[in-house]
Amino acid sequence: MAKTIEIKLVKSLNGRLVKHKATAEALGLRKIGDTTVQPDNEATRGKIAHISYLLQVTENA
């Protein structure tokens with residue numbers, strides 16, 4: 001089974017850069033408290049790195 005990452009939006013997207021809002025949207029995050037499970041790959045890791053200051057990340061086995 002592939003590894004997954006649980007991602008939670010913990011800070012607001014209001015007033016953020018358009019690129020950062022688009023990255024959150026690409027991860028499936030729209031409102032504070034939204035959670036999504038994504039595959040653990042380089043593309044997802046890059047998105048997380050881009051907006052890490054807005055997120056809480058938990059790695060699942």
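Me: How many helices and strands does the protein have?
Reply: This is a predicted model. The protein has 2 helices and 3 strands. From the N terminus on, they run β-α-β-α-β.

Me: What makes the protein as compact as a globular protein of its length?
Reply: Take the radius of gyration, which is 11 Å. The globule rule gives 10 Å for 61 residues. The two values are close, so the protein is as compact as a globular protein of that length. Its C-alpha trace spans about 40 × 20 × 15 Å along the principal axes.

Me: How do you know that β1 pairs with β2 and with β3?
Reply: Count the bridges. Pairing needs at least two bridges between two strands. β1 (residues 4-9) and β3 have 6 bridges, and β1 and β2 have 5. Both counts meet the cut-off, so both are pairs. Both pairings are antiparallel. K8 shows both sides: it stands opposite Q56 in β3, and its bridge partner in β2 is T35.

Me: Why are β2 and β3 called edge strands?
Reply: The sheet is open, with the order β2-β1-β3. β2 (35-39) and β3 (55-60) each pair on one side only. From one strand to the next, the twist averages 25°.

Me: How do you know that the buried residues of α1 sit on the same side?
Reply: In α1 (residues 18-26), the buried residues include H20, T23 and A24. They cover an arc of only 100° around the axis, so they lie on the same side of the helix. An α-helix has 3.6 residues a turn, so residues three or four places apart point the same way.

Me: What makes V18 and K19 exposed residues, and where do they sit?
Reply: Exposed means over 50% relative accessible area, so V18 and K19 lie above that cut-off. They sit on the face of α1 turned away from its buried side.

Me: What covers the buried residues of α1?
Reply: The cover includes α2. Helix α2 (residues 42-50) also lies across β1, β2 and β3. It runs at about 25° to β1.

Conventions:
Residues numbered from 1 in each chain as written. Predicted model: local features only at pLDDT ≥ 70, side-chain atom pairs only at ≥ 80, totals over all residues. Heavy atoms only, no water. Helix = DSSP H or I, 4+ residues; strand = E, 2+ residues; numbered from the N terminus. Axes fitted to C-alpha atoms, helices over the stretch in contact; angles between N-to-C directions. Contact = heavy atoms within 4.5 Å. Buried < 20%, exposed > 50% of the residue type's maximum accessible area, 1.4 Å probe, protein only. Arc of directions from axis to C-beta. Rg over C-alpha atoms; globule rule 2.2 N^0.38 Å.
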